[in-house]
Amino acid sequence: MKNKRLITVVALIMIYLVGTFIYEKINDSSTESAEKTTKTTVVGVLQYVSHPALDEIYRGIKDGLKQSGLEEGKNLEIKFQNGQADQSKLATMSQQLVQADPDVLVGIATPAAQSLANVTTKIPLVLGAVTDPVGAGLVKSLDKPGGNITGVSDQPPVEAQIKLASEILPNAKKIGILYASSEDNSKYQVSQAEAAAKKEGLTSVKYAVPSTNEIAQTVQVMSQQVDFIYVPLDNTIANAMQTVVKEANKSKIPVIPSVDTMVEQGGLVTIGINQYDLGVQSGKMAATLATGKEKPASTPVYVFDKGDTIINEKQAELLGITIPDKLKKNAKIVSSDTTETSTKEDEK
């Protein structure tokens, strides 16, 4: 009897221990599962400066993250910094973002991306609006970046833009290219613009400015010497676009920019990449890298293969320029005094 009782007691103890062990395991698994479900992804974003084009890119980045299942207030925390075109601020902010140990970083515009790249070689870094990632020393190649950096290029169709300008301004002979001497991405586009101008039979003259302080005077000089002004993707000039347009309008000189938002600010026409769409693509790429689905070293830099034709009809009227109907048919029509856009299809 004693043996039977002992066996029963031992059996009960064993059942209790096994049950406890199983319960704890299930509990641990549930806790781990809950942690995975509620994990907050941290994204560090550094923007070079505030102007409509880069602000639109940041808006697109947030929506791209959301479309990928990452939403602020739920499972996403965005640590945002804006350097306001100050190199010392960019360096300090880059350090701060890296020290926060985010899952992924995003650099909006070349100087911001370069600043982040100088601080980390481990955290995945997404290029948001970098025109020439290879020339800027950020990746080895567009197809195989090879390090912790990949992203989205905002390389505009420069040749198509110059061709469009020639078509709208058939009597133009001389083009002035306005850019900031401090921006690497602009220098690359300037060489493309010179080649495109030559192809269209135009004489081109470069006008480099060291800062926004010299823009008004430079445009005044250009307005007496050229038939139209071409502005590449340049953050310094974009930040002073209203000044460029104001001075150029005094002499009725058209401004052909590279970005849709700069047409809204008084540029005449362009063929450009939608800045919001560019941001969305950057956000989606950031989400993919943050969750470990892809590695930056083997993720090709995304390059848009086409752009939209954007026309500012009110600016054309102001300058006395007639835009051919065939160009307006599929173009986006914008106005200098409103950010609203419409297409001819919408007007029907």
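A cavity here is a set of grid points where a 1.4 Å probe fits but cannot get out, and its lining residues have an atom within 4 Å of a point. The model searched is a predicted one. A search of the whole structure finds one cavity of 30 Å³ or more.

The largest cavity has a volume of about 110 Å³. Its lining counts 15 residues. Nearest the centre of the cavity lie Leu-54, Asp-154, Leu-233, Asp-234 and Asn-235. Two helices each supply at least two residues of this lining: H2, residues 52-67, and H8, residues 235-238. By class, the cavity lining has eight nonpolar, five polar and two charged residues.

H2 packs against helix H11, which spans residues 275-290. Two packed helices are described by the angle between their axes and the distance between the axes. For H2 and H11, the angle is about 40° and the axes are 6 Å apart. That angle makes H2 oblique to H11, because angles under 35 degrees count as roughly parallel and those from 65 to 115 as roughly perpendicular. The crossing of H2 and H11 is right-handed.

Which residues in H2 and H11 meet? From H2 come Ala-53, Glu-56, Ile-57, Arg-59, Gly-60, Ile-61, Asp-63, Gly-64, Leu-65 and Gln-67. From H11 come Gln-275, Tyr-276, Leu-278, Gly-279, Val-280, Ser-282, Gly-283, Lys-284, Ala-286 and Ala-287. Sorted by class, the residues of this contact are nine nonpolar, seven polar and four charged.

Next comes an open space. The second largest pocket has a volume of about 240 Å³. Lining this pocket are 14 residues. Those nearest its centre are Tyr-48, Gln-87, Pro-111, Ser-182 and Glu-183. Helices H4 and H6 (184-199) are the elements that give two or more residues to the pocket lining. H4 provides the largest share, three residues. The pocket lining divides into four nonpolar, eight polar and two charged residues.

H4 leads on to H3. Helix H3 covers residues 87-99, and helix H4 covers residues 110-117. Their axes come within 9 Å and cross at roughly 50°. H3 and H4 are therefore oblique to each other. H3 passes H4 in a right-handed crossing. On the H3 side, the contact uses Gln-87, Leu-90, Ala-91, Ser-94 and Leu-97. On the H4 side, it uses Pro-111, Ala-112, Ser-115 and Leu-116. This contact has six nonpolar, three polar and no charged residues.

Helix H5 runs over residues 158-168. At what angle do H5 and H6 pack, and how far apart are their axes? The angle is about 45°, and the axes are 9 Å apart. H5 and H6 are therefore oblique to each other. Their crossing is right-handed. H5 makes the contact through Val-158, Glu-159 and Ile-162. H6 makes it through Gln-189, Gln-192, Ala-193, Ala-196, Ala-197 and Lys-199. The residues of the H5 and H6 contact divide into five nonpolar, two polar and two charged.

Terms used:
Residues numbered from 1 in each chain as written. Predicted model: local features only at pLDDT ≥ 70, side-chain atom pairs only at ≥ 80, totals over all residues. Heavy atoms only, no water. Axes fitted to C-alpha atoms, helices over the stretch in contact; angles between N-to-C directions. Helix = DSSP H or I, 4+ residues; strand = E, 2+ residues; numbered from the N terminus. Parallel < 35°, antiparallel > 145°, perpendicular 65-115°, else oblique. Left-handed = near helix turned anticlockwise from the far one by under 90°. Contact = heavy atoms within 4.5 Å. Nonpolar A, V, L, I, M, F, W, Y, C, P; charged D, E, K, R; others polar. 1 Å grid on protein atoms, 1.4 Å probe; cavity = no way out; pocket = protein on both sides within 12 Å on 5 of 7 lines; lining within 4 Å. Points joined across faces, edges and corners; volume = space filled by probe spheres on them.
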